[in-house]
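Let's walk through this structure together, one piece at a time. Have the sequence and the 3D view ready.

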Amino acid sequence: MSLLELIDVMHRLTRIHYKILRIMEWNLRRFEYIPLQFLAKKIGIKPNKLESIMDFLVKNKLIKKKKSDYIGYALTYKGLDCLAIKDLGEFGVITKVGPKIGMGKEGDIWVAYLNNKPRIIKLFRISQKSFRRIKIHRHYYIPKRTYSWLELSIKSAYREFRALNILHQNNVSVPRPIARKKHAIVMDYIDGVELVKAKLEDPETIFDRIMQEIRKAYDVGIIHADLSEFNIMVIREGKVYIFDWPQYITKTHPEAKYYLTRDINQITKYFARKYLLEKNTTKKIIEKYFKDIKDISIRESL
């Protein structure tokens, strides 16, 4: 089911459907599958009557059902999408959802609108595939603690929204964050092209601007930690925007210098490979912005 199809389903949901979905969200940490009896008590409906209501939500893939041991239900990403979109609409952040424009490592990217003004909505989708990356360098992952994928997605959205706010307030070139609800972030629409798809007329200048933005982020205490040609956007005027920040680390992190060097290295190698920027050129630009930082080996970045 696409997000556009989900909107059609939402038109058929009643107050009781949303109440059920919200109770299920509030209990993500407590249950893997919420018992029917528990839901019936919370909502004040007899279990046999509630089960028929739940079947409608199951049919529309907003929840899933298990029957072994006991009858229980779990929220799906579509159910969480439903709550996030409803909240964003009620808070006057978006008035409609447009087409899907991308799929990242951890989420889907859609165009949304406030009246006729385009915005970007990012819906996080943490899965088993991305779980190993989370364990490696995200401080909110606690070993031996069980999280649902939905809960991790909510935490990722919170983290990225927080990072975007700090960066934007300090004039780092990132999309302006507008709102966050659940696992969804709404931000400004950037009319540009990803660096990997761009054909730069002046690659040296763009490389310089990217290094400048990396340094500006570092100066406010944030390191991207997964920077590449896939999460940098270039607009027509030559300005660059850096996006996808949920995995960021702070410069007080024990491995901060390693991840800073790796970010620089990734971009340097890309420009050397695609635009044949010479080592002396990239080295000079890197030294302009990072020479004063101790324990970062500029040579490792070339």
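In which sense do strand β5 and β6 pair, and over how many bridges? Strand β5 (residues 107-114) and β6 pair in the antiparallel sense over 8 bridges; two strands count as paired if DSSP finds at least two bridges between them. Before we go on, remember that this is a predicted model, where local features need pLDDT of at least 70, side-chain atom pairs count only at pLDDT 80 or more, and totals for chains, interfaces and linings use all residues. Residues are numbered from 1 along each chain as its sequence is written, and side-chain values use heavy atoms, leaving out hydrogens and water.

Back to our strands (DSSP runs of E, at least two residues, just as helices are runs of H or I, at least four, all numbered from the N terminus). Look for Ile 109, which stands opposite Lys 122 in β6. β5 and β6 form a hairpin with 2 residues between them, and Asn 115 in the turn has a positive phi of about 60°. β6 also pairs with strand β8 (residues 184-188), in the antiparallel sense over 5 bridges. There, Arg 119 has Asp 188 of β8 as its bridge partner. Because 6 of the 8 residues of β6 (residues 117-124) are buried, this strand is largely enclosed by the rest of the structure; buried means under 20% relative accessible area, with a 1.4 Å probe and protein chains only.

α9 (residues 256-275) meets α10 (residues 279-290), and their contact (heavy atoms within 4.5 Å) is made by Leu 260, Ile 264 and Thr 268 of α9 and Thr 282, Ile 286 and Phe 290 of α10.

Note on methods:
Axes are lines fitted to C-alpha atoms, for helices over the stretch in contact, and angles run from 0 to 180 degrees between N-to-C directions. Buried means under 20% relative accessible area, exposed over 50%, partly exposed in between (1.4 Å probe, protein chains only).
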